[in-house]
Structures are given as structure tokens and as C-alpha cells.
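We will go from stop to stop, selecting a few residues at a time.

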Amino acid sequence: MQQVNLRRRSVLCVPAGDPHRMTKALASGADEVVIDLEDAVAPAEKAVAREQLAGFSWPEDRPSVVVRVNAIGSPWCHRDLEVVAALPQVGGVVVPKVESRADLAFVERLLDGLESEVGRHERVAVQALVETAAGIADLREIVSGPRRLAAVIVGYADLAASLGRSRTIGQGAWRGVQDAIIVHARAAGVDAIDGPFLGTAVDDAFLGVVADAAALGFDSKWVIHPRQVDAVNAGFTPSEAAIAHARQVMETLDGAHGAGAGAIALDGALVDEAMARDARRVLAKAGDR
């Protein structure tokens, strides 16, 4: 299991095979950029996009970078992983259509060998994109045990097709899926990432979805246009009041421990290690600690 990236708020997806758009995405202010070799690249262009990724000129100042590889069992997945393992600028892979623990085990074993071959010292993290009914049904097994798992992502578009739902269905209809993703991610100690809003505007509908995702407990959200990055960063950054309260919690608990007490009251509520965990998460998201 990988250490969770607590500062990951916005995740911008950009097609591979377009160096200009990749460069623009890396300068967008997103906390993480997903370079997409899967849905955003036509089958006839997969090899060219992969070659362009391998030869891309990376800016020195860049956010976290991960690559969405093609699905396991496709003609391209293993070649995509070969390229990723050889790129020190890329910290992880998004594995699409994950449906079982065996899917992640395959990726992990292949990465073990590829990293050994190229002499890579930093292990490639794995993010599981769950976007089928089978994946949702097997979430417990998917998150139990993977050594490289850093996040679980809900993929609404493909999941809608798998379930026979309309892609335009109201966001509230996804609450059961969202809760399942968050519960299993929390149990595994990894990030829960909300999938993209299927539109490029920053309007009331988009802002409402961002606010709902943050309130539900998601750690971050995918976006499909750079103009949406700032709104997601703002939506997933704790308020000044929340930051101040978190600092007070930590100071209060540190003082209690220094005095030999296990817990102490603050504003009428018990301050214990459970509250401290939440305070640490708030401060980490704010970049405070």
C-alpha cells in the first residue's frame, strides 16, 4: 500500500499524444495530471502516443504525474507499463476497468519486473479506476492487500453503461456507489477520488457536484478541462475556520499528552486520537503540515 497523497485535490486528465496540451496541463495548477493512453487515444494512434510520451520534454516545475494505461487484456497494457516504468517523471499508473484483486496483482507483478529491468528505485504507485458493476461488487477484495495501491477512483461514464443507467442521471443517484468507494478506500487507508463531471463549464451544476464530493469525504476530483482546476482546488481546500480548529485540536492534544492525559475537552467536545486524525488530514490538505 502506498502512502496517501493528502495534497491531491484536483486531478486533470489530458490526452497523451498531444505535447502542447500535456505541457499546458502540467502548468494548470492541478495537484496531479493524468496523461491518458486509454480512452483519449484511438487504437490506431496508441503506439505513436506511447512513443511521444516516452520522448516528452518534461518541465522542471511540475505537479504529480500519473498515466492511465490501457485495460488489462488489451493489446497495449503491457507496452504502456513498460514506458511508465522507464519514466522517473511519472509516479503512478491509473488502471482502468479494475474488476478483481487479480487485476491489480497482474499489474504489480509486471511492474516488479519492469522496475528491476530499468533499475528504477521509486516504486510506481497504482490507482484503481472502478467503472463496472463487477468492480463495485468486488471492492472489498480489490482494495485488500495490493502493495502499490494509492487510490480508488469512481468512473461514472463507463459505470453508467455497465449498469444501464443514463449518463445524464442526477448526481444523487450515485450516492450508493460513492459511499462504497469511500468506505472501502478508508478501510484500505488509500485516497478516494471522485470521477469527472461530464462537462467543461464551471457553472452552478459543476460547483454543486464539487461541493457534494468534498462533503461526502472524497479526497479529490478528476476534471477534464484546465478551467475547472481552480474551482476544485478551492472546493477541496479546508476553510480558514476548519484549519484554525484543526490547529487548536493538535495544540490541545499535544498539551494533554505532555501533562500525561490521554484526552481532554475542547469547546465541550472530547479531543482524542480520533479527532486528531481528522485534524491532521485537514492540515495536510491545507498544506499546513
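A salt bridge here is a side-chain nitrogen of Lys or Arg within 4 Å of a carboxyl oxygen of Asp or Glu. Keep in mind that you are looking at a predicted model.

**Stop 1: a network of charges**

Select Asp36, Glu38, Asp39, Arg68, Lys97 and Glu131, and show their side chains: salt bridges link these residues in a network. Now zoom in on Lys97 and Glu38, whose closest N and O atoms are 2.8 Å apart. Follow the chain away from each partner: Lys97 sits in the loop between β4 and α4, while Glu38 belongs to the loop between β2 and α2, so this pair links distant parts of the chain, 59 residues apart. Is Glu38 buried or exposed? Glu38 counts as buried because its relative accessibility is 5%, under the 20% cut-off. Lys97, at 28%, counts as partly exposed.

**Stop 2: two further salt bridges**

Select Arg9 and Asp31, where the side chains meet at 2.7 Å, N to O. Arg9 is in the segment before β1 (10-15) and Asp31 is in the loop between α1 (19-26) and β2 (32-36), so the pair ties together parts that are 22 residues apart in sequence. Both Arg9 and Asp31 are buried.

Next, select Asp219 and Arg186, another salt bridge, with 3.1 Å from N to O. This pair also links distant parts of the chain: Asp219 is in the loop between α9 (204-216) and β8 (220-223), and Arg186 is in helix α8 (residues 175-188), 33 residues apart. Asp219 is buried, with a relative accessible area of 1%, whereas Arg186 is partly exposed at 32%.

**Stop 3**

Nonpolar side chains tend to be buried together in soluble globular proteins. To see this here, select Ile35, Leu53, Trp58, Val93 and Ile181: of the 63 residues in the largest nonpolar core, these touch the most other members.

Which residues does Trp58 contact, leaving aside its neighbours within four places in sequence? Show Leu26, Ile35, Leu53, Val65, Leu87, Gln89 and Val90 around Trp58 to see them. Another core, of ten residues, lies apart from the largest one; select Val11, Ile153, Ile193 and Trp222, which are among its members.

**Stop 4: helix α3 and its surroundings**

Move to helix α3 (residues 77-85) and select its buried residues: Cys77, Asp80, Leu81, Val83, Val84 and Ala85. These buried residues pack against α2, β3 (64-68), β4 (92-95) and α4 (101-118).

From α2 (residues 46-54), pick Arg50. Arg50 is buried, with a relative accessible area of 12%. Beyond residues up to four places away in sequence, Arg50 touches Leu37, Trp76, Arg79, Asp80 and Val83.

**Stop 5: Ser74**

Finish at Ser74, in the loop between β3 and α3. Display the backbone here as well: the Ser74 side chain reaches the backbone oxygen of Ala71 at 2.7 Å and the backbone nitrogen of Cys77 at 3.3 Å.

Terms used:
Residues numbered from 1 in each chain as written. Predicted model: local features only at pLDDT ≥ 70, side-chain atom pairs only at ≥ 80, totals over all residues. Heavy atoms only, no water. Helix = DSSP H or I, 4+ residues; strand = E, 2+ residues; numbered from the N terminus. Buried < 20%, exposed > 50% of the residue type's maximum accessible area, 1.4 Å probe, protein only. Contact = heavy atoms within 4.5 Å. Core = buried A, V, L, I, M, F, W, Y, C linked by side-chain atoms within 4.5 Å. Polar contact = N/O pair within 3.5 Å; in protein donor to acceptor, adjacent residues only side chain to side chain.
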